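Let's take a friendly walk through some side-chain contacts. Have the sequence and the 3D view open, and follow along.

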Amino acid sequence: MKLLKTIKKNLLLLVPTGILLLVAFLIFGFTEESYALIETLSTHIRSYFGRFYLILGLACVLVLVVVASSPLGKYKLGTPAEKPAFNRLSWIAMLYSAGMGAGILLRAVQEPVFMQQNPPILTQISAEIQALEFTFYQWGFTAWAFYAVFALAIGTVAFKYGRPAYTSSTVFSHSKTLTHKIGIKSIDILVILTTVFGLIAAIALGARQIKGGLDYLDNATLSKSFTLIIIILVGVLSLISALSGMHNGIKKLSRANIFMSFALLLFVFVQSDVLLILEQFVIALYHYVVDFIPLSLAYGSFNPGEQFLTDWTYYYWAFWIAWAPFTGIFIANISRGRTLREIIIGVLLIPSLGSFFWFTVFGQAAFDLIQQWGTYTNEFDNVFSSLFLFLSNYPAQFIINMLVILLLLSFLVTSLDSAILVLSLHSARRKKPSKRNRILWGLILTITAIAFTVLSFNKEEIDVLNTMQKLLIVTSLPLSFFMVWMLIRWIKNLIAKT
């Protein structure tokens with residue numbers, strides 16, 4: 001009887017851990033079959049439900065714009081007199097570090113250049129502007145709208161109506177009926193599992209990029225085990241940060257990320273054609289805003305074809321949806337005391353504009369380099385080495401590359417420590433999870449990332465880490481259906497309490 005109570009109490013910890021062990025066993029024991037199944041499922045999901053993802057993304061953006069523009073936008077997450085727990089700079093820094101993080105370093109050069117060399121659609125605008133416009137689209141309003149919907153739906157029920165800050169709280173009142181109990185457990189297990197899969201892939205891939213940068217700097221190839229050392233370092237630093245809390249560890253690291261990112265951005269910007277970058281930024285932003293709806297629906301001449309949509313847009317949308325519960329819960333927790341309007345503007349607009357300018361600076365500088373070379377032989381195709389290769393054309397290479405490595409490390413830490421807090425919140429079922437619970441999740445995430453990385457070493461015939469990302473796409477499908485339900489309930493909750 002005591003054992004059953006213990007299992008029931010720790011169900012949200014035991015079930016995801018068991019599924020992780022099962023996935024690891026299947027990939028190791030039945031490599032080819034597991035890869036084929038995951039590949040088939042992820043491809044079918046993107047093919048059959050890709051258009052649904054597009055409509056859902058556009059709907060999220062439009063609903064947020066309507067709420068922000070309406071009287072509903074005045075309502076505050078929390079009591080009317082409550083003040084924000086964090087100042088605006090710290091708030092923006094934390095939500096950006098959790099929401100995008102190392103991705104902007106991985107894709108800073110590679111994605112704009114790919115789009116320039118392979119224009120998605122036929123248009124009258126230049127290949128450079130089109131490349132920036134599509135990059136903006138894939139990293140812009142829609143991605144942050146997915147995050148914002150989760151953040152506001154969770155924040156509304158948690159801070160205005162007093163429900164626990166879990167994803168399941170957005171649709172269930174946490175009554176004691178059997179149906180509600182099953183629904184609550186199922187939704188929260190799905191969120192925990194998706195978050196874990198996403199973090200494993202992010203940590204492992206980020207560690208590989210850090211190792212790639214060190215290999216480049218040392219002009220040698222470090223042993224594979226060095227990747228494991230990086231993962232352990234990230235795990236230890238993340239746990240220290242998570243135990244310090246949001247006001248100390250996470251806030252300070254997030255601010256450091258913003259300052260280091262700005263320093264890197266400024267370094268490239270001042271050594272480039274400043275006026276051209278500003279011009280390209282304004283033009284690409286104009287086209288993105290004007291074309292946003294047909295782009296979002298892949299309508300008419302803005303349809304780049306199913307192959308491109310499957311490889312890029314559907315993949316991104318599925319990825320953003322998969323990360324939305326974790327990021328949304330974190331944003332909700334740091335946004336208490338702010339109005340819906342301020343949160344929507346802050347989450348939807350400010351990080352998007354920051355990302356747009358980032359990609360314009362690095363993208364246009366890379367376009368100029370390619371023009372200077374006269375020929376392009378896919379130098380920037382590798383997502384792990386493209387940024388380091390790009391920076392090799394600038395002075396102070398060693399210092400700047402070390403800054404990139406430090407920034408990568410810091411972004412990984414802020415993503416992982418945020419996830420530790422969110423996972424602890426879900427599994428402990430309390431507002432302030434114990435240090436023991438946070439330590440446990442820190443160890444689970446770190447050990448699991450190490451395990452799958454070792455698995456990738458032993459299964460070189462299959463890209464295990466890429467398989468993990470595609471598995472994340474599979475789990476995003478039920479989350480996308482859940483989002484429709486959650487969006488409807490959120491609007492009803494807002495209207496009912498006005």
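## Charged pairs and ring contacts

Arg-51 is partly exposed, with a relative accessibility of 31% (buried means under 20% relative accessible area, exposed over 50%, partly exposed in between, using a 1.4 Å probe and protein chains only). A quick word on the ground rules: this is a predicted model, where local features need pLDDT of at least 70, side-chain atom pairs count only at pLDDT 80 or more, and totals for chains, interfaces and linings use all residues. Residues are numbered from 1 along each chain as its sequence is written, and side-chain values use heavy atoms, leaving out hydrogens and water.

Back to Arg-51: its side chain meets that of Glu-306 in a salt bridge (a side-chain nitrogen of Lys or Arg within 4 Å of a carboxyl oxygen of Asp or Glu). This pair links distant parts of the chain, since Arg-51 sits in helix H3 (residues 31–69) and Glu-306 in helix H14, 255 residues apart. Helices here are DSSP runs (H or I, at least four residues), numbered from the N terminus. Glu-306 is partly exposed too, at 39% relative accessibility.

How many salt bridges are there by this rule? The count comes to four, and here are some of them:

| Salt bridge | N to O distance |
|---|---|
| Glu-306 and Arg-51 | 3.1 Å |
| Glu-342 and Arg-88 | 2.7 Å |
| Arg-338 and Glu-342 | 2.7 Å |

Arg-88, Arg-338 and Glu-342 are linked in a network of salt bridges. Is Arg-338 buried or exposed? Arg-338 counts as buried, at 2% relative accessibility, while Glu-342 is partly exposed at 21% and Arg-88 is partly exposed at 48%.

Arg-338 has another contact as well: its charged end sits over the ring of Trp-91, 4.4 Å from the ring centre (the rule asks for NZ of Lys or CZ of Arg within 6 Å of the ring centre and within 35 degrees of the ring normal).

Now for rings meeting rings. Rings of Phe, Tyr and Trp (its six-membered ring) pair if their centres lie within 6.5 Å; planes under 30 degrees apart count as stacked, over 60 as edge-to-face and the rest as tilted. That gives 36 aromatic pairs. One of them is Tyr-316 with Trp-320, stacked at 5.6 Å centre to centre with 15° between the planes. Both lie in helix H14 (residues 306–334), four residues apart, about one turn of the helix. Trp-320 also pairs edge-to-face with Phe-319, at 6.4 Å centre to centre and 75° between the planes. Phe-319 and Trp-320 are both buried, and Tyr-316 counts as buried at 5% relative accessibility.

Note on methods: Helices (H or I, at least four residues) and strands (E, at least two) are DSSP runs, numbered from the N terminus.
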